[in-house]
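Here are a few friendly notes to read alongside the structure.

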Amino acid sequence: MKIDVISVICNGRYEKYKTKTAGRDKEIYIGNPDVYLEPGIYNYIIIYESAGQIGFFDDYDELYWNVTGNDWVFPIERASACITLPENEKCMEKSCYTGSHGLTEMLCSSYEQDNKVCFVTEHSLAAREGLTVAASFPRDIIKRPPPPTPFELFWGKYKYHISALICLLIFGNFFYSTWLKVGKDPEKPVVIPAFNPPVACCNKVFV
C-alpha cells in the first residue's frame with residue numbers, strides 16, 4: 001500500500017517530519033530529534049493520501065480500512081473513524097471489527113450523520129489490537145479506473161522476477177567484461193632449458 005504524507009500538525013502548528021521505509025512499514029519521524037518534549041498532552045494530526053483503496057463490485061463499491069493498524073506495542077484507549085461520502089450520498093451497509101489480526105470481534109458501534117458514517121470503539125484496545133471498518137455505497141459515485149491492460153497484469157505479477165533478472169544480466173555483463181580486461185593473468189613465456197660447459201676456477205685443475 002502506497003502512502004504519501006502531506007503534512008503533520010502538532011497542537012495546531014505545522015511540524016517538521018521525515019519518512020523512512022522499514023520493511024513493510026513506513027515510519028514517520030516528527031519534530032527535532034535533539035529536543036525533548038515537556039510532559040503534557042500533544043495533539044498530532046497526520047494528513048496523508050493513499051490511492052487504490054476502494055473495492056469495486058458489480059452492485060456497489062466499498063471502503064475496507066484498517067484504521068489503527070495492529071502493530072502497536074502499547075494500548076489504545078479509544079479509536080474512531082469517519083468516512084465522508086460525496087454530498088447527498090448515503091451508506092448502504094456498514095460494519096466494524098476489533099481485536100488482533102484475524103479476529104472478527106465487533107466491540108464497536110457506528111452511526112450516520114448526513115453523508116458521513118462514523119465508527120468508535122466501545123472499549124480500549126490492547127497491544128497488537130486494532131479497529132477495522134467497512135462501508136459500502138452505491139456504485140459509480142466514485143469514478144472507476146479503467147481495467148488493467150494485459151501488460152499491467154503481467155507486470156504486476158512478475159515485476160520483481162523481471163527486475164531481478166535485469167539486474168543479474170547487467171551486473172553479470174559488467175563483471176564479465178571487467179574480467180576480460182583486467183582479470184586474466186598474462187601468458188607465461190615458454191621455459192627452455194639452457195646448458196653451458198663447466199668453467200675452470202682460478203686455472204686449477206682438480207683430479
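1. C96 and C108 are joined by a disulfide, with 2.1 Å from S to S. The link is right-handed, at 115° about the S-S bond. It ties together distant parts of the chain, with C96 in strand 9 and C108 in strand 10 (residues 108-113), 12 residues apart. Both C96 and C108 are buried. Please keep in mind that this is a predicted model.

2. The count of disulfides comes to two. C82 and C118 make a disulfide as well, their sulfur atoms 2.1 Å apart. This pair connects strand 8 (residues 80-84) with strand 11 (residues 116-121), across 36 residues. The torsion about the S-S bond of C82 and C118 is about 110°, so this disulfide is right-handed too. C82 is partly exposed at 48% relative accessible area, whereas C118 is buried at 4%.

3. With the bonded cysteines numbered in sequence order, the pairing reads 1-4, 2-3. C91 takes part in no disulfide, and the nearest cysteine sulfur, that of C118, lies 11 Å away. C91 is buried, at 13% relative accessible area.

4. S95 is worth a look in strand 9 (residues 93-99). Its relative accessibility is 19%, so S95 counts as buried, the cut-off being under 20%. The S95 side chain makes a polar contact of 3.3 Å with the side chain of Y97. Beyond its neighbours within four places in sequence, S95 contacts F119, T132, V133 and A134.

5. Elsewhere, three strands form an open antiparallel sheet in the order 2-1-5. Strand 2 (13-14) and strand 5 (44-49) are the edges, because each has a single partner strand. Strand 1 (residues 4-10) and strand 5 are joined by six bridges, and D4 has E49 as its bridge partner in strand 5.

How values were computed
Residues numbered from 1 in each chain as written. Predicted model: local features only at pLDDT ≥ 70, side-chain atom pairs only at ≥ 80, totals over all residues. Heavy atoms only, no water. Helix = DSSP H or I, 4+ residues; strand = E, 2+ residues; numbered from the N terminus. Buried < 20%, exposed > 50% of the residue type's maximum accessible area, 1.4 Å probe, protein only. Polar contact = N/O pair within 3.5 Å; in protein donor to acceptor, adjacent residues only side chain to side chain. Contact = heavy atoms within 4.5 Å. Pairing = 2+ DSSP bridges. Disulfide = S-S within 2.5 Å.
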